[in-house]
Amino acid sequence: MTTQTHMRQEVDQIPQVVASFLEASAVSLDAAAARLRELDPALVVTVARGSSDHAATYLKYAFELTMGVPVASVGPSIASIYGRDLKLGKAAAIAISQSGKSPDIVGMAQSARRSGATTIAITNTAGSPLAEASDFTIDLHAGPEKSVAATKTFVTSVVAGLALLARWSGDAKIDRAVAALPESLARAVACDWSDLIGALNGHNALYVLGRGPGFAIANEAALKFKETCNIQAESYSAAEVMHGPVAIVTPGYPVLGLAARDAAETSVADMAHKLAGQGAKAFLTSERPGAAKAIPFAATGHPITDPLALIVSFYGFVEALSRHRGLNPDVPPALKKVTETV
């Protein structure tokens with residue numbers, strides 16, 4: 001019997017971890033959402049790096065589409081290297097970090113708080129320096145994540161933001177979709193993308209396409225290709241890939257189109273089909289007909305939550321791809337679990 005990698009085990013845990021989070025963090029979510037309703041922020045800023053920054057990008061689109069409030073990613077070096085405080089008196093600042101320990105993330109959260117922002121930490125480490133630096137802490141309750149490549153903490157970070165959004169907005173449809181995520185993500189875990197494994201034999205570069213919240217998922221997928229498979233994956237908005245990057249899409253070049261069931265599905269699908277028609281080896285999470293090869297997906301029933309299921313299916317695939325290539329996805333070379341930057 002082959003022992004599963006930590007990464008595979010943690011991907012399989014995602015539905016239960018999300019269910020446990022939604023139950024365990026209800027009180028802290030309610031408190032933070034009540035403050036956001038009271039504040040009615042003119043701006044939301046996010047502070048994060050790596051996979052956590054991809055979660056922040058997802059939440060940027062979700063917040064902007066639902067609340068109409070602009071969301072900007074703030075470079076942590078503004079505080080940690082350059083020593084500047086920003087004018088954030090009418091803003092909310094959301095810092096996302098699994099460990100809650102990276103000095104630059106903590107420093108930017110402290111700066112935002114000094115500047116008058118309402119600060120919210122999303123972290124898997126209760127009592128961390130980031131939690132202490134924030135007005136509200138949303139604990140992911142995801143348990144230890146042993147694989148270097150973040151999976152369950154990324155997904156639960158997005159769920160934390162979406163659960164906060166559901167309470168802040170009072171949108172009953174989003175609330176129901178978030179509550180149904182454990183079931184939706186269980187179906188996503190079961191999606192079989194094994195056709196892609198052999199198709200990528202001999203390839204060490206590819207494009208990942210998305211748009212809207214799906215672009216955040218494309219960013220995360222591209223990072224995991226690099227981390228676990230040593231593949232030079234680059235993520236692009238389906239609207240941007242024609243502005244130069246398409247020049248290197250030669251016959252047989254792999255393309256993965258991550259289309260969700262939202263207003264951007266047509267755009268992503270059309271671009272994947274277009275590139276396939278030009279000779280690319282294109283795969284697509286959509287049933288829209290065309291030249292790209294369709295791969296299975298688990299729909300969640302809401303456009304704000306739908307892209308999140310795609311990354312869960314992807315995680316299972318990329319873990320298998322890493323092993324297929326003779327690598328260990330748990331311990332990528334030159335990486336460690338907690339990255340502390342200044």
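Biologist: Which backbone nitrogen lies 3.0 Å from a polar atom of the side chain of histidine 273?

Modeller: That of alanine 292. Bear in mind that this is a predicted model.

Biologist: And where does histidine 273 sit?

Modeller: In helix α12, residues 265-277.

Biologist: Is histidine 273 buried or exposed?

Modeller: Buried. Its relative accessible area is 11%, and the cut-off for buried is under 20%.

Biologist: What does histidine 273 touch, leaving out residues up to four places away in sequence?

Modeller: Leu284, Arg288, Pro289, Gly290, Ala291 and Ala292.

Biologist: Which strand gives the largest share of the lining?

Modeller: Strand β8, residues 254-257, with three residues.

Biologist: Now helix α3. What length does it reach?

Modeller: Its 18 residues, 50-67, reach 25 Å from the first C-alpha to the last. That is close to the 26 Å expected at 1.5 Å a residue.

Biologist: Which of its residues are buried?

Modeller: Ser51, Ser52, His54, Ala55, Ala56, Thr57, Tyr58, Leu59, Ala62 and Phe63.

Biologist: What do those pack against?

Modeller: Strands β1 (43-47), β2 (71-73) and β3 (91-97). Also helices α7 (152-169), α11 (213-229) and α13 (306-324).

Biologist: What follows α3?

Modeller: Glycine 68, with a positive phi near 70 degrees.

Methods
Residues numbered from 1 in each chain as written. Predicted model: local features only at pLDDT ≥ 70, side-chain atom pairs only at ≥ 80, totals over all residues. Heavy atoms only, no water. Helix = DSSP H or I, 4+ residues; strand = E, 2+ residues; numbered from the N terminus. Expected span 1.5 Å × (residues − 1). Buried < 20%, exposed > 50% of the residue type's maximum accessible area, 1.4 Å probe, protein only. Contact = heavy atoms within 4.5 Å. Polar contact = N/O pair within 3.5 Å; in protein donor to acceptor, adjacent residues only side chain to side chain.
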